[in-house]
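Trainee: Please take me through this model and say what stands behind each term.

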Amino acid sequence: MYDFHYIDEELNKLQSLNLKRELKTIITANGPWVELSSGQRVLQFASNSYLGLTNHPDLINATKAAVTKYGVGSTGSRLLSGTLELHTVLEDNIALFQKSEGALFFTSGYAANVGVVSSLLSPQDAVYSDELNHASIIDGIRLSGAHKFVYNHNDIGELEKLAQSNEGKYNRSFLVTDSVFGMNGDLAKLSEIAKVTEKYKIIPIVDEAHAIGVFGAQGAGYVSELKMEHMFPIRIGTCSKAVGVEGSFCVAPKNVIELLKNKARTFMFSTSSSPGVVGTVLKAIELVAESDWRREKLWQNAKKLHEGLSEIYKLKIAPMQTPIIIIFFNSIEEALKVSKRLFEECHIWAPPIRPPSVKTPLIRLSPISTHSEEDIDYVIKAFHYIAKDLQPSSLNAGV
Ligand SMILES: Cc1ncc(COP(=O)(O)O)c(C=O)c1O
């Protein structure tokens, strides 16, 4: 009745550009090793559960306790029947954890970025955005209707030039950036950004998705590590990565939080997180704060992996700024081929990341704190084996 041929054409086009993605189905708990529905047992380097908390018994018990007391669903949006005591206690705890006046919990990092950015920016405003910002930031900006100025990744000189040439032209100005670029494994230059935002009166919004649990005292994030909370008072953090669960928060001055409750459409028009999720995140934030030894192990694993891979002369490894280890390739085909060989011949799950998520095709390895030394050694050995067949031209890749 309906003609869906255009869908096949679109899929074929993606396939021909090497951009068609396939899902892999996991049939075990998501730890350092996982078993897939294909029967393969693979060493997992694609997970964002940096502290390995996803299967922690205290968190499983927290889920059970919350579900037993409150049931499995929240029954409505936060503004209707969906605000439980658990939500408000969690928000108070997050505000303390983040040394902020207020906090608001969202169902996901995607929902938080879209909701926060689209509520605070208006079509009369300008917004500066790093070209490698997460898709949810980009979507929030689009929805806001603000005039968007995308600067080259981490190019603060370009940012300043844009800010200078826009002075006086817009109602207000904002800057949105990831603090850790999750797919590129590097850090935003927050100290330099702060100088520009202060000089040109630009309101910054920082997404700490990959920094929460990994950087700073008690894992409070990269802004906290730099002790720059006062310069970056509006921050978003996800509970889906190092925190090990799901959901997300925005921390901000109290009036900003109050406005978000009344304006952020992803908060207002969507059922709130279920008691199981909220009760688990509540406990997980506590564990993250107590997890210095897990953070130490995470960084040890990442350093060992980075050092081992750096010795393989045919690989172009990015300098290590975060525990996310990046190997650049000259072409999407080469990144795909290496990832496929790692998976099929060595049983290592290391995803290829392609433009537009990044500028240069790469393989992203995310060691977690529950990987053993043997796991890391095994990955290094596998790369030695596969790199033998690479062209030395791979050395030209990277940014
Ligand atoms: C920087 C950044 N922000 C936001 C998100 C979205 O978070 P969530 O997966 O909790 O929706 C991600 C997820 O990959 C991310 O990397």
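Predicted model: local features only at pLDDT ≥ 70, side-chain atom pairs only at ≥ 80, totals over all residues.

Mentor: Residues are numbered from 1 along each chain as its sequence is written.

Trainee: How many helices and strands does the secondary structure of the chain come to?

Mentor: There are 14 helices and 16 strands. Helices (H or I, at least four residues) and strands (E, at least two) are DSSP runs, numbered from the N terminus.

Trainee: What makes the chain as compact as a globular protein of that length?

Mentor: The radius of gyration, taken over C-alpha atoms, is set against the globule rule, 2.2 Å times the number of residues to the power 0.38. For 399 residues the rule gives 21 Å and the chain has 22 Å, which is close, so the chain is as compact as a globular protein of that length. Along the principal axes, the C-alpha atoms fill a box of roughly 60 × 60 × 55 Å.

Trainee: Which strands form the open sheet of seven, and in what order?

Mentor: The order is β3-β11-β10-β9-β6-β4-β5, with mixed pairing. Two strands pair if DSSP finds at least two bridges between them.

Trainee: Why do β3 and β5 stand at the edges?

Mentor: β3 (102–106) and β5 each have a single partner strand, so one side of each is left without a neighbour in the sheet.

Trainee: How do you know that β4 pairs with β5 and with β6?

Mentor: Five bridges join β4 (residues 126–130) to β5 (residues 147–151), and the two run parallel. One of the residue pairs is Ser129 with Val150 in β5. Four bridges join β4 to β6 (residues 173–178), again parallel, and Val127 has Phe174 as its bridge partner in β6.

Trainee: Why is the unit of β4, helix α5 and β5 called right-handed?

Mentor: A crossover is right-handed if, with the strands pointing away from the viewer, the path from the first strand over the helix to the second runs clockwise. β4, α5 (residues 135–144) and β5 make such a right-handed β-α-β unit.

Trainee: What is the order of the sheet of four strands?

Mentor: This open sheet runs β12-β13-β16-β15, with antiparallel pairing. β12 (316–317) and β15 (352–353) stand at the edges, since each has a single partner strand. Ile353 has Leu362 as its bridge partner in β16.

Trainee: Which residues come nearest to the ligand?

Mentor: Of the 14 residues around the ligand, Ser108, Gly109, His134, Ala209 and Ser240 come nearest. A residue is near a molecule if its C-beta atom, placed from the backbone, lies within 6 Å of it. Helix α4 (residues 109–120) gives the most to this shell, with three residues.

Trainee: What is the shell made of by class?

Mentor: The shell has two nonpolar, ten polar and two charged residues. Ala, Val, Leu, Ile, Met, Phe, Trp, Tyr, Cys and Pro count as nonpolar, Asp, Glu, Lys and Arg as charged, and the others, Gly among them, as polar.

Trainee: Which peptide bond is cis, and what is its omega?

Mentor: The bond from Pro355 to Pro356 is cis, with omega near 10°. Pro356 sits in the loop between β15 and β16.

Trainee: What phi does Asn18 have?

Mentor: Asn18 has a positive phi of about 60°, although it is not a glycine. Asn18 lies in the loop between α1 (5–16) and β1 (33–35).
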